[in-house]
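Good morning, colleagues. Please keep the display in view while I speak.

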Amino acid sequence: MSFDGRILSGVSVLAAVVEGGSFVKAAELIGITDSGVSRAIGRLETRLGVRLLDRTTRSVTLTDEGRRFYQEVKPHLNAIEDAAVVASGAASAVRGRLKVDIDPFFLPLVLAGRLGTFCERHPDLSIEFVTKEHVGDLVADGIDLAIRFGEPRLASLVARKLIEAPILTVASPRYLERHGRPAHPRDLTAHRCLQFLDPYTGRPFEWEFIRGDEAIDFPTTGPLTFTDPKAMLDECFAGTGIAQVIGWGIGQALARGSLVDLFPDWHGERFPLFAFHPSRKHPPAKVRAFIDFCAEIATELERSAPREQSWKEGS
C-alpha cells in the first residue's frame with residue numbers, strides 16, 4: 001500500500017474519537033462537524049478494509065481489529081506530536097486536555113480541595129479524571145497519565161515513585177464501645193474488618209503490620225467488601241467495622257476522636273504512590289506539570305509527618 005496522506009488524517013480523527021469517547025467530542029477536539037468525523041472514519045475503514053469502531057446510539061468502542069490498529073499507530077502519532085512540540089518551541093506550554101486515571105484513595109483523600117491551585121496555575125488546561133479497575137493500556141484507553149498506589153506491573157510504562165504513604169488501622173468509638181478494642185493486631189481475627197478489593201487479584205487485600213523488624217501479615221474477615229474508599233470510610237465512621245486506610249486525609253478525624261488509631265506502634269507498613277505514563281521521548285508538558293504537582297503535594301505530606309503524634313494523642 002503506497003502512502004496516502006488521507007490515512008494519516010483519518011488516524012488523527014480516530015485518535016480523537018478514542019480519546020473523546022464519541023463522535024461529538026471528537027468533533028469538538030479537532031474542530032470539525034460530527035458528520036465530518038463520521039465520513040473520515042468511514043473513509044479510513046474503507047481504505048484499510050476493516051471495521052474499526054462499533055457504533056451504538058450511546059457509545060463508540062474499538063473493534064478487536066480497531067484496537068490492534070490503534071495500538072500500532074498511536075506511538076507514531078505521539079512521535080509526530082513530540083516533534084511538533086519541539087519544533088514549535090512549545091515544550092513548556094501546559095494546555096489542552098489531560099486525561100488522568102486516578103487512584104480511588106488519592107483523589108478524595110489527598111487531591112480533593114487542592115486542585116484549584118493547579119487550575120489557577122494552568123488556566124488553559126482541562127483535566128478529566130477516571131478511575132479504572134486497574135492500570136491497563138493507557139494508549140489504547142486514551143489516558144495520558146495514571147496516578148496509582150502499588151508497584152508497577154507493566155514494563156511498557158514509565159514509572160516515577162512519588163511517595164510512600166502510611167497505612168493506619170482505624171475504628172470509630174461507636175464500634176469500640178460495642179465490640180471492644182483489640183490490644184494486638186492478631187486480635188483482629190475476632191473483629192469485623194471492612195475489606196478493600198485488590199483489582200489485580202479479585203480478592204481483598206491482606207492486612208500487614210510492621211513494628212521495627214517484626215512483621216505480621218494475615219487475612220482478615222468481615223461482612224463488607226469495597227472498591228470505593230469513601231464508602232468504606234463512611235461505614236467505619238458509622239461503627240460497622242474496622243478499616244485499614246491510607247493515613248493521609250484522616251488526621252482531623254483522628255485528632256477530634258471520631259476515628260481511633262488502634263495500633264500506633266505498628267505504623268511500619270508503607271504503600272508507594274506512583275505516576276505512570278506511556279514511554280515517550282518528550283512527555284507532554286501537561287503530563288510533566290501534573291506529575292510535578294502531585295510530587296509537590298506528596299512532599300508537603302512528608303513534611304507534615306509530625307502530625308502523626310496528634311493521631312496518637314487523639315487515640
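This is a predicted model: local features need pLDDT of at least 70, side-chain atom pairs count only at pLDDT 80 or more; totals for chains, interfaces and linings use all residues.

Residues are numbered from 1 along each chain as its sequence is written, and side-chain values use heavy atoms, with hydrogens and water left out.

I begin with helix H8, residues 229–237; helices (H or I, at least four residues) and strands (E, at least two) are DSSP runs, numbered from the N terminus. Pro229, Met232, Leu233 and Cys236 are its buried residues, where buried means under 20% relative accessible area with a 1.4 Å probe, protein chains only. Because they cover an arc of only 95 degrees around the axis, they lie on the same side of H8; the arc is taken from the directions from the helix axis to the C-beta atoms. Their packing partners include helix H5 (106–111) and strand S6 (157–171), contact being heavy atoms within 4.5 Å. After H8 comes Gly239, with a positive phi near 90 degrees.

Next, the sheet. Three strands form an open sheet of mixed pairing in the order S8-S7-S11; two strands pair if DSSP finds at least two bridges between them. S8 (203–204) and S11 are the edge strands, each pairing on one side only. S7 and S8 run antiparallel, joined by 2 bridges, and Asp198 stands opposite Arg203 in S8.

Finally, is His267 buried or exposed? His267 counts as buried because its relative accessibility is 10%. His267 sits in the loop between strands S13 (260–261) and S14 (270–278).

Conventions:
Buried means under 20% relative accessible area, exposed over 50%, partly exposed in between (1.4 Å probe, protein chains only).
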